[in-house]
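Here is a short note to read beside the model. Keep the structure open and follow the points in order.

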Amino acid sequence: MSGHATVLVTGGAGYIGAHAVLALTEAGYRAVVLDDLSTGERAAVPDDVPFVHGSVGDPDLLADTLERHGVGTVMHFAGSIVVPESVEQPLAYYRNNTLNSHALIEACVRAGVERFIFSSTAAVYGVPDRMPVREDSPTEPINPYGRSKLMTEWMLRDAAAAHGLRFAALRYFNVAGADPKGRAGQRSKVATHLIKIACEAAVGRRGEVMLFGDDYPTRDGTCVRDYVHVSDLADAHVAAVRHLEAGGENGVFNCGYGHGYTVREVLDAVERAAGKPLSVRVVGRRAGDPPELVAAKDRIVAALGWQPRHDDLDTIVRTALAWERRLAAATG
Ligand SMILES: NC(=O)c1ccc[n+]([C@@H]2O[C@H](COP(=O)([O-])OP(=O)(O)OC[C@H]3O[C@@H](n4cnc5c(N)ncnc54)[C@H](O)[C@@H]3O)[C@@H](O)[C@H]2O)c1
Ligand SMILES: O=c1ccn([C@@H]2O[C@H](COP(=O)(O)OP(=O)(O)O[C@H]3O[C@H](CO)[C@H](O)[C@H](O)[C@H]3O)[C@@H](O)[C@H]2O)c(=O)[nH]1
């Protein structure tokens, strides 16, 4: 066992958190998962990783968990993630993403937790006017989800200044794919993300894919996004812990590859991987979709030494599809 203090992974029964647990244990860290299983599943947590069932909004449970497991670093993935739902239920999003993060940060400061890695999002930028998006671009989120996350970044910055908490906020671009060894993947019962939806269609779980708008000012008229493989994202979290352990600077870091693909290019890749055509229906634009969202990645590469291993759309899609086939086989 390593000499590292334990890492508490909130939301570790969810899609990205489960991959972070795999990356942490492979890097020699002890992990403990805290999750309320609101969207996550117990089965996503490996048997040899301690699991605490409860909410990050529960201060007593947090104090007990941090103390009992000797937690030195918190990775905070727990949250609510569906943008349109955040427009319909803003107060639920501010509660789960902002108030519960406040409770967690406060518990960390009380318990003397040294490091905090936060799941932020490209949604904090809103509709950026320059590509690629740099970390010092204006943060003008256009929905409650983005605002609920940006407020947590602010709390971290202020708690760091006042109480010495060390932090890294990782602003994820479009997370996709699945563990190449098939140990984890995206389970969400109600999928909203493009690659997940297209893979569901490829395995026959849905009839068609709706393409939201082909009249954008892009190379083929469909939106461009920077798709990042979830295992690379998990590695970025481990790199962030090492950076903070080594006394590196606090900060916000984009997590993307620095280049993007159109919706049509993604659908073509899914058809290639599946070896058959998808039924695609072009419909109107989805509200709030920026035409293009691509990360500037210089900061994360320079500061954290992040080295992506799966920067390839076909790899992302192939792993996502393999996972979807496993899910389909398991659930019939
Ligand atoms: N998936 C993406 O494309 C994406 C993009 C940007 C940012 N993020 C952020 O990454 C994080 C993880 O997202 P994901 O895609 O893995 O989602 P997910 O829904 O699969 O995982 C979230 C996990 O948090 C748990 N959870 C929710 N509220 C909780 C609470 N109050 N207490 C304890 N556990 C709670 C859920 O049960 C689930 O296991 C989120 O914070 C999300 O905002 C995700
Ligand atoms: O069925 C679908 C689903 C998506 N799309 C298109 O595919 C692209 C990607 O859409 P996703 O929903 O997969 O991802 P987003 O870019 O909307 O979302 C990302 O950015 C959001 C904030 O902007 C959140 O952070 C979210 O979690 C993150 O995945 C968009 O142009 C969207 O219009 C379709 O055409 N059909």
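1. One of its nitrogen atoms is 2.8 Å from an N or O atom in the side chain of Asn96. (A polar contact is a pair of N or O atoms within 3.5 Å; within protein, one must be able to donate a hydrogen and the other to accept it, and residues adjacent in sequence count only if both atoms are side-chain atoms.) The side chain of Thr39 has an N or O atom 2.7 Å from an oxygen atom of ligand 1. Asp36 uses a backbone N or O atom, 3.1 Å from a nitrogen atom of the ligand.

2. A word on the basis. This is a predicted model, where local features need pLDDT of at least 70, side-chain atom pairs count only at pLDDT 80 or more, and totals for chains, interfaces and linings use all residues. Residues are numbered from 1 along each chain as its sequence is written, chains are lettered from A and ligands numbered from 1 in the order in which they are written, and side-chain values use heavy atoms, with hydrogens and water left out.

3. How much of ligand 1 does the protein bury? Alone, ligand 1 exposes 820 Å², and the protein buries 94% of that. (Areas come from the Shrake-Rupley method with a 1.4 Å probe; for residues, only the protein chains shown count as cover.)

4. Now the shell around ligand 1. It has 28 residues, and the closest are Asp35, Thr39, Asn96, Tyr145 and Lys149. (A residue belongs here if one of its heavy atoms lies within 4 Å of the ligand.) By type, the shell holds eleven nonpolar, 14 polar and three charged residues. (Ala, Val, Leu, Ile, Met, Phe, Trp, Tyr, Cys and Pro count as nonpolar, Asp, Glu, Lys and Arg as charged, and the others, Gly among them, as polar.)

5. Which element gives the most to this shell? Strand β5 does, with three residues. (Helices, H or I of at least four residues, and strands, E of at least two, are DSSP runs numbered from the N terminus.)

6. Turn to ligand 2. Its shell counts 17 residues, with Leu194, Met210, Arg225, Arg286 and Asp289 the closest. Ten are nonpolar, four polar and three charged. A polar backbone atom of Met210 is 2.6 Å from a nitrogen atom of ligand 2. A backbone N or O atom of Phe212 lies 2.9 Å from an oxygen atom of the ligand.

7. Where does ligand 2 lie? Domain 1 (6–176 + 226–255) and domain 2 (194–225 + 258–331) both give residues to its shell, so ligand 2 lies between them. (The bounds come from an automatic or database domain assignment.)

8. Last, the salt bridges. The whole structure has 18. (Each is a side-chain nitrogen of Lys or Arg within 4 Å of a carboxyl oxygen of Asp or Glu.) Asp214 and Arg264 form one, 3.8 Å from N to O. This pair links distant parts of the chain: Asp214 is in the loop between β8 and β9 (224–225), and Arg264 is in helix α8 (residues 263–274), 50 residues apart.

9. Glu114 and Arg115 form a salt bridge at 3.7 Å, N to O. Glu114 is partly exposed at 45% relative accessible area, whereas Arg115 is buried at 9%. (Buried means under 20%, exposed over 50%, partly exposed in between, with a 1.4 Å probe and protein chains only.)
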